[in-house]
Amino acid sequence: MGNFGNLIMNENMKIFRRPRTWIMLSILALISLLMPVLLNEGMGSSEVPYWQAAITTVQVVFFLNTIFCVVIAAEAVAGEFTWGTIKLLLIRPWSRSKILASKYLSVIGFSILSTLLVVIMATVMSYMLFSHSVTPDGSGASASHAFALWGYLYVDLFITLAIAFMVSSVFRSGALAIGLSLFIMFTQNLFSLIFNPVRYEWAKYVLFNNMDLSRYMDPVTDFSMLDGGNTGMTLGFSVAVLAVYYVVFMLISWVVFNKRDVAG
């Protein structure tokens with residue numbers, strides 16, 4: 001276990017030694033602090049609850065957070081082949097499974113760190129600038145609503161990272177992993193609309209239709225635009241579908257990485 005801990009520490013050192021990592025984290029922190037200021041200038045602070053401002057800020061910044069995390073995930077494995085260091089890594093007395101696991105856990109660790117940075121900065125600045133009063137009818141944003149939404153956003157990020165990590169491991173191309181992940185991010189809603197479960201029964205098993213778990217927080221969903229509601233889809237169903245996809249992505253990553261010949 002100690003050796004595995006050293007592996008994880010080594011992978012984290014690779015991530016945080018690079019100036020771009022600190023630049024990305026600085027950008028996330030800066031935008032998370034500036035967004036509430038801009039919202040305050042545009043909407044004022046007397047009526048808007050600070051949780052609502054924090055939710056809006058995190059939703060805006062999280063898109064950039066996902067891109068930065070994908071960059072880290074895409075180069076976790078592909079970067080070793082690009083820089084020619086994969087042979088030096090594999091000749092060490094560690095199994096390939098442990099090496100890949102350490103890389104993946106380091107990627108997840110970075111995504112948790114960056115997400116917490118965004119959430120904390122956005123919440124603190126919103127708390128300082130916006131109203132702390134509760135709406136008379138008790139409606140509106142709350143801490144439970146905010147953390148549930150942010151949790152669903154992280155699940156979407158988690159699956160996107162699994163895809164980027166798989167592509168990085170299988171094709172040894174960081175550019176392809178980043179490009180494919182960005183394509184999924186930009187076209188997710190479009191494919192959900194095209195392959196709508198209301199029209200196609202099998203579409204409820206499509207990855208794109210299950211990644212956005214936040215829609216289950218509201219009674220009106222994207223699917224309702226074409227009538228039929230969620231067509232039997234529930235939060236538990238989507239989580240189960242995502243779990244299956246996740247296991248498949250990880251299995252492909254591990255099998256290909258363990259069988260790959262790097263002698264050439």
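This is a predicted model: local features need pLDDT of at least 70, side-chain atom pairs count only at pLDDT 80 or more; totals for chains, interfaces and linings use all residues.
Me: How far does the backbone oxygen of S102 lie from a polar atom of the side chain of S106?

Reply: Residues are numbered from 1 along each chain as its sequence is written, and side-chain values use heavy atoms, leaving out hydrogens and water. S106 lies in helix α5, residues 96-129. Between the S102 backbone oxygen and a polar atom of the S106 side chain, the distance is 2.8 Å.

Me: Is S106 buried or exposed?

Reply: Buried means under 20% relative accessible area, exposed over 50%, and partly exposed in between, using a 1.4 Å probe and protein chains only. S106 touches I8, E11, N12 and I15, leaving aside residues up to four places away in sequence; a contact here means heavy atoms within 4.5 Å. Because its relative accessibility is 1%, S106 counts as buried.

Me: And N189, buried or exposed?

Reply: N189 sits in helix α7, residues 174-194. Its C-alpha atom is 8.9 Å from that of D212, 23 residues apart along the chain. With a relative accessible area of 52%, N189 is exposed.

Me: Are α6 and α9 roughly parallel or antiparallel to each other?

Reply: The axes of α6 (residues 143-171) and α9 (residues 235-259) come within 9 Å and cross at roughly 20°. Angles under 35 degrees count as roughly parallel, over 145 as roughly antiparallel, 65 to 115 as roughly perpendicular and the rest as oblique. The two helices, α6 and α9, are therefore roughly parallel.

Me: How many residues of the contact of α6 with α9 are nonpolar?

Reply: The contact includes F158, I159 and M166 of α6, and L242, F249 and W254 of α9. Ala, Val, Leu, Ile, Met, Phe, Trp, Tyr, Cys and Pro count as nonpolar, Asp, Glu, Lys and Arg as charged, and the others, Gly among them, as polar. Two residues of this contact are polar and none is charged, while the nonpolar ones number 17.

Me: What is the packing angle of α5 and α9?

Reply: Two packed helices are described by the angle between their axes and the distance between the axes. On the α5 side, R96, S97, I99, L100, A101 and Y104 meet residues of α9 including Y246, M250 and K259. The axes are 9 Å apart, and α5 and α9 pack at an angle of about 135°.

Notes. Axes are lines fitted to C-alpha atoms, for helices over the stretch in contact, and angles run from 0 to 180 degrees between N-to-C directions. Helices (H or I, at least four residues) and strands (E, at least two) are DSSP runs, numbered from the N terminus. A polar contact is a pair of N or O atoms within 3.5 Å; within protein, one must be able to donate a hydrogen and the other to accept it, and residues adjacent in sequence count only if both atoms are side-chain atoms.
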